[in-house]
Amino acid sequence: MPSSSSPRRADVAIRGAGVVGQALALLLAQDRLRVALVAPESPPRAHDVRAYALNKASRELLVSLRAWPDAVPGAVTPVRAMQVWGDDGGQLGFDAGELGAEALAWIVDVPALEQRLADAVGFAAGVERVNEAPPARLTVVCEGRHSATREALGIDYDTHAYPHKALAARLRAEQPHGGVARQWFAHGEVLALLPMGGADGHELALVWSLPAQQADEWLKAEPAAFAEAVQARSAQALGALTPLAPAQAWPLQLSRAQRWFTHTPQGAVALAGDAAHAVHPLAGQGLNLGLADAAELARVLHAREYWRELGDAKLLRRYERARAADVQAMSAVTDGLFSLFGLSDPRVQLLRNRGLAGFHRSGPLKRWFARQAMGLSL
């Protein structure tokens, strides 16, 4: 639908037109709700080098919304295996075939996904893009971790800032990646090379968590020197690496809103996505959590008793209860791993790498963890 500067009353107003906001708009439109997607005009940004690791649940959701960007060549790459290395010989591996799965995850190009969602929203009856939030029975805030709306509402957002930044870049490898995601925990850093460009491609998405000062220094470095550093830290796993685009960086934090919803004189307000929570990207679960928020909120509203309003406190409490536990569990996992591998004590290094190797041999426990990360428990 075309953008409007004079919004009319809506059933649901969604503040924020990122991936989570657009997915929620499409889900609610399926229930024939009038949705206002608040997306003020913003200046064009530099090429986005990020990539999302989406699990099975997220993929099925986006496919159901006709927003899966598989029609774009190279935009979606299935991960058939994952290899993880510690800093003292510890190693852990997952294989999709052993789990009877099509893929462990899918690495998706961010601009391609955002464009596919925007196209789907443009064809969705009942969704109107607006510049200002209209009166609505329910407003959902999907503005990200720095949400001005959440702050204006006075909802406390507990934040633990990590001493790291995430550095993202695109690289081309000398050898094909084979659909394998690779990750290294070493010397307090976390480096991941994610396969892109299709199953037989050579393109990689880099996500590198490292001390903030070092990240800033690498942003200023010559591209060739930067690529050589990544090549060395990844143990030459794929041969020579060539930079494809300038690196970008952003600060990392563990965050959680103390409440997922509130009521104002203008109506009910709920939070979703990074406006409600943020985790370290080392497990690649940030967007999966946000899309699960959208799916659960849409499910709760769809299943509501006919006499309940969309902003009914009991409905929103059901949504909060359903999502808070999963988010808390993933937050604990990512924070625990970051803290564990950030310790430099040699005795701790020995124990954690033995633990990594033991986990690799654990059988049922490893399969359970992999299924959780793949979204198969949802």
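Select Gly18, which is partly exposed at a relative accessible area of 30% (between the buried class, under 20%, and the exposed class, over 50%, with a 1.4 Å probe and protein chains only). Residues are numbered from 1 along each chain as its sequence is written, and the model is a predicted one, in which local features need pLDDT of at least 70, side-chain atom pairs count only at pLDDT 80 or more, and totals for chains, interfaces and linings use all residues. Side-chain values use heavy atoms, leaving out hydrogens and water.

Gly18 sits in the loop between strand 1 (10-15) and helix 1, where helices (H or I, at least four residues) and strands (E, at least two) are DSSP runs numbered from the N terminus.

Next, display helix 1 (residues 19-29) together with helix 3 (residues 110-123), whose axes, lines fitted to C-alpha atoms over the stretch in contact, come within 10 Å and cross at roughly 30 degrees. The two helices are therefore roughly parallel to each other, a term for angles under 35 degrees. To see the contact (heavy atoms within 4.5 Å), select Val19, Gln22, Ala23 and Leu26 of helix 1, with Leu113, Glu114, Leu117, Ala118, Ala120 and Val121 of helix 3.

Finish on Leu28, which, not counting residues up to four places away in sequence, touches Val12, Ile14, Leu33, Val35, Ala298 and Leu301.

Note on methods:
Axes are lines fitted to C-alpha atoms, for helices over the stretch in contact, and angles run from 0 to 180 degrees between N-to-C directions. Angles under 35 degrees count as roughly parallel, over 145 as roughly antiparallel, 65 to 115 as roughly perpendicular and the rest as oblique.
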